[in-house]
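Reader: I'd like to go through this one label by label. Could you show me the model and then tell me what stands behind each term?

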Amino acid sequence: MSGTMTPEEVRRQLIENQRAPHGAARSAHAEAISAAAEATGDKALLRRALDNQIEAYEFSAEAPKILVPFARLLQEYDRDPSAFGPNETHSLFWQFKWVATALSCSPEISLESGAGWLAEMERRYRIAGYGDRPVREAELFLAEAMADDARAERAAEAFMAAERDTMSDCHACELNTQGWFWSHRGDDAKAVEVWKPVLEGDRSCAEEPHRTLARSLLPLVRLGRLDEARAHHLRGYRMARGNESLLRAIGQHIEFCALTGNESRGLEILAEHSAHLRPLADLDARMTFYGGVLVLLRRLTGLGFGDSPAVPFEGVPHTVRELYGLLYADALDIAHRFDARNGNSRASERFEQRIAQGPLLEALPLGVRSGPLPEPAPASTSAPAPAPTYAPVVRGDVSRETAAGGAAGEGPAAFTALVAAAREARAQGHPSADLRWSAVLARADGESVDPLLAADLLEYRGVVAAQADDPAAAALIAEARDAHRSAGQEDRAVLAELRMASTAVQSGSGAEEIGELLAAAAESAGALSPDDPLRTRRVASVELTRIRIEAYLRAEHGGADGPDGRLVADLAAFVSAVDGNSAAQVADLLSDAEETLARLALAEGDAERADALLASAAERGPGSGRPWLAVDPLATRAGVLVSLGRPEEAVVAARAAVAHAADLPEPERQGAVRLNLADVLLRTGDAEEAARHALDGAHWFDRAGPSGTRGGGAKARLLLTHAYARQERTAEAAEVLQSALPDLLEHGEREAVHARRFLGELLDGLHDPRAAAEQFLLAAETAKEWEDPRPQAGLAHSAAESLAAAGLVTESVAAYERALELHRAAGDAPVAVVRILRSLAWLYLREGTVNATVARARARMDEAAALLEGATEPQLRYETAQTWQQLAQILDQRVDAFEDAYAYPYEDEDEDAGEGEGAGTGEPLTEDGIRELRDEAVRLWDRAGGIYAGLGPEHVRQRYQCAHAAAWTESQLGRAQEGADRLRALAADLGTLPEDAAPDWMLPQLEETAKALLED
């Protein structure tokens, strides 16, 4: 900004500055505007510029700079108080409170100076007739900064006891302060109770509940109210993100993540705000923000990530440990400066206590997706951070460690116990068997291995190789078979031969070779001694494997389309033959066969039979002491029961699946059963519990690693989003879905379009239409190649509505036109076409209510009416009435715009009007032109009202709107009696309808309006 500006130019710059986002750039611009305003010599303009400059500082990280422009504005007031209007005077006294806060947060300002300003505030408030409440609140801030606890107690008591008046802070801000006071005294419960109206949305303002949500996080965790803490983080961070005046709150969100096992999330938040890791004019905000960051960096160092890369500082890359050192030194220096001013060590003590905190929880699942922390770099030889170190919380997968015998100890006895546990798990078919054998194999090199164990290890290696499609699998399994035979373990040799057959299928061997391998296994199983307790099980295993392999081969060689009838018959025969006295020995085989039969029944559309089979399969596991066998049948059955309209039973089945999954060591399966339960609960309407299980499921999928996060984790988060949305927890839903969106985009076009559309709807609900429009447009781009144009049409329509709400008229018109084209191509959405035409009509008026825009709007309305001409369906008749009613409103608006413009020709332009809004009214209207427009509007309202009347009592409100508007317009035409008669005729007609058809207020209001028309 250079050169001397005219007052008008300064005013335009002020308007531009007021619309800019808060931050250093806005503050710098505000400073220049104040200088330019002073140069004009216009005192009123200078006052306005100084007021703007003060506000720019207050809502940025430069609040202490407020003192200079405020002192100048106060000087202007003292010179001539009469020059200040009522609003200016109120603003000046209001800003005294901001000054008091800035004094407390600035170590350069002495206590004496702070006390002097406080006394001056008290004096001026008393003279102006304001109460003591704001003064005592300011004294509380100053006493807290001075570490004068006794004075703070007295000030707090006086503040809370004093009466509120027009100079009191808003309720939300005051409650924030009161809760902060109790929190600082260690009374978390009292603080949260005081904050309740703000946290629950009953009290709010420009920066509330943003700040209170952040302050409540750690108190809620300490109180064990974890669901609330999670919700407040998701809601609150979304509100505070990117806001420079809320850096203290950002630091509190980072601190919360660091202390609840969400270090990765904390690091992501830090990365989003790394530009604020710089010298800030507000030293208290800088120290507080840095404090939260330091808690995170210290935690990362304790977990072994000290030498991993952190965010840059002043453009220079640093490791976690290096960044900790830089920020620690800077923040501690600020704390010491406060101590020097205050004459005590309170500031540095509180700072050190804060950053020395250990984790409050091992892990609190937040629902949002966060990337993994970087692998720790090799140990550094650099000096450690100055804060004391502590032992990190161990975060392993306990079930996997236990299953693998991680605590078995050392030595031969421990190894023998480990082998015994692995064999027992294998005999049971326990899910942990593979992990146990993996642990045995890992320790076998240093232990004594007898031939029996050598055969077992060969078998395990062969199984692992087969699972990995390793060509060496066949040889390993054959070697294991021979080793088992040599060790006298014929029953294990039978299983090895079965695995050889399966491996041959896997490798693409011919049917003859596979048949020979199956025959050899059958012969070996049959040759087992009748006294061998495993003979029945081995024979059954061979038979079930043969049935499955033969079915596979039939399908591979051109089997019939549809379900395999022979497979169904063979499996049914198998179950019938094996079920009986020996059922407990082969419970897993029977359960497997029945589950397969159930899936085949579902393929044929026989859900009832599938349900019976799944119920039987699920009972076999727990009945034989192997509950884990019931997990899959129960999970599948839950979905079947939902389809059969038996939701309560479905929930029972899904819950049982989760309960029986306790022994499953794989995180993916734990996640899957919880996702299944969440899905069933959501389908039955229990969104609250569904959210809990979806959250838990996402956490389990994340424990499975990146593939789990991208796959099941993304699905769990999408379901969690739906559950939150059902509870109207829109901000949390949007935060979760945005975090999962990159993963969901990899799940195919349909899922990507659904996710973007859903996110757009959520963002619309959060009053962020620009971001919503972006999601709708991206979804439409994905769907543009689909054969069916309707999804893209709907998305373009949604984008147009959001763009219009964002004030982007040109873009909105283009999106509406595209939606119109697509709907017309589909040919089956007349309602959508008509509504788009009406929306376009209203958009044209954003350019100004002039003859040209009204003509364009009328053309669109006429086009809509023509499409509906002759329609008889109720929905289309309703759209016809809406079209005529809205055209009448447009004509009425044209007359009003003209009359307003010519009634107040010198009124200042609305500074808040957006570009193109409220533009000139164009050429004037003649008296005849006005009468014609009003007469036409009355006729249109009459026609619309007639249609509404024919559509039934549910449209009485629309009838009232039309009659009311037409009556007032007739009065303006000099026909007040006709207008009153119209209203009374409607009242008489409504009196004949059922008693509850019209709201109680409507009939009295019609009579009151009729009288008012006649009196005018």
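Predicted model: local features only at pLDDT ≥ 70, side-chain atom pairs only at ≥ 80, totals over all residues.

Reader: Let's start with the overall picture: how many helices and strands does the protein chain have?

Author: The protein chain comes to 45 helices and zero strands. Its C-alpha atoms fill a box of roughly 110 × 85 × 55 Å along the principal axes, and 51% of the 1016 residues count as buried.

Reader: Why is the Glu 108 and Arg 337 pair called a salt bridge?

Author: The cut-off is 4 Å between a side-chain nitrogen of Lys or Arg and a carboxyl oxygen of Asp or Glu. Glu 108 and Arg 337 come to 2.5 Å, N to O, so the pair meets the definition. The two are 229 residues apart, with Glu 108 in the loop between helix H5 and helix H6 and Arg 337 in helix H16.

Reader: What makes Glu 108 exposed, and where does Arg 337 fall?

Author: Exposed means over 50% relative accessible area, and buried means under 20%. Glu 108 is at 54%, so Glu 108 counts as exposed. Arg 337 is at 33%, in between, and therefore counts as partly exposed.

Reader: How do you know that Asp 592 and Arg 548 tie together separate parts of the sequence?

Author: The side chains meet in a salt bridge at 2.7 Å, N to O. Asp 592 sits in helix H27 and Arg 548 in helix H25, so the bridge ties together parts 44 residues apart in sequence. Asp 592 has 32% relative accessibility and counts as partly exposed; Arg 548, with 31%, is also partly exposed.

Reader: What separates Arg 818 and Glu 821 within helix H38?

Author: About one helical turn, because the two are three residues apart in that helix. Their closest N and O atoms are 3.2 Å apart, and the pair forms a salt bridge. Glu 821, at 48%, counts as partly exposed, because the exposed label needs over 50%.

Reader: Now the helix pair: how do H12 and H13 cross?

Author: Their axes come within 10 Å and cross at roughly 145°, and the crossing is left-handed. The residues that meet include His 233 and Tyr 237 in H12, and His 253 and Phe 256 in H13.

Reader: Which classes do the residues of that contact fall into?

Author: The contact of H12 with H13 divides into seven nonpolar, four polar and no charged residues.

How values were computed
Residues numbered from 1 in each chain as written. Heavy atoms only, no water. Axes fitted to C-alpha atoms, helices over the stretch in contact; angles between N-to-C directions. Helix = DSSP H or I, 4+ residues; strand = E, 2+ residues; numbered from the N terminus. Left-handed = near helix turned anticlockwise from the far one by under 90°. Contact = heavy atoms within 4.5 Å. Nonpolar A, V, L, I, M, F, W, Y, C, P; charged D, E, K, R; others polar. Buried < 20%, exposed > 50% of the residue type's maximum accessible area, 1.4 Å probe, protein only.
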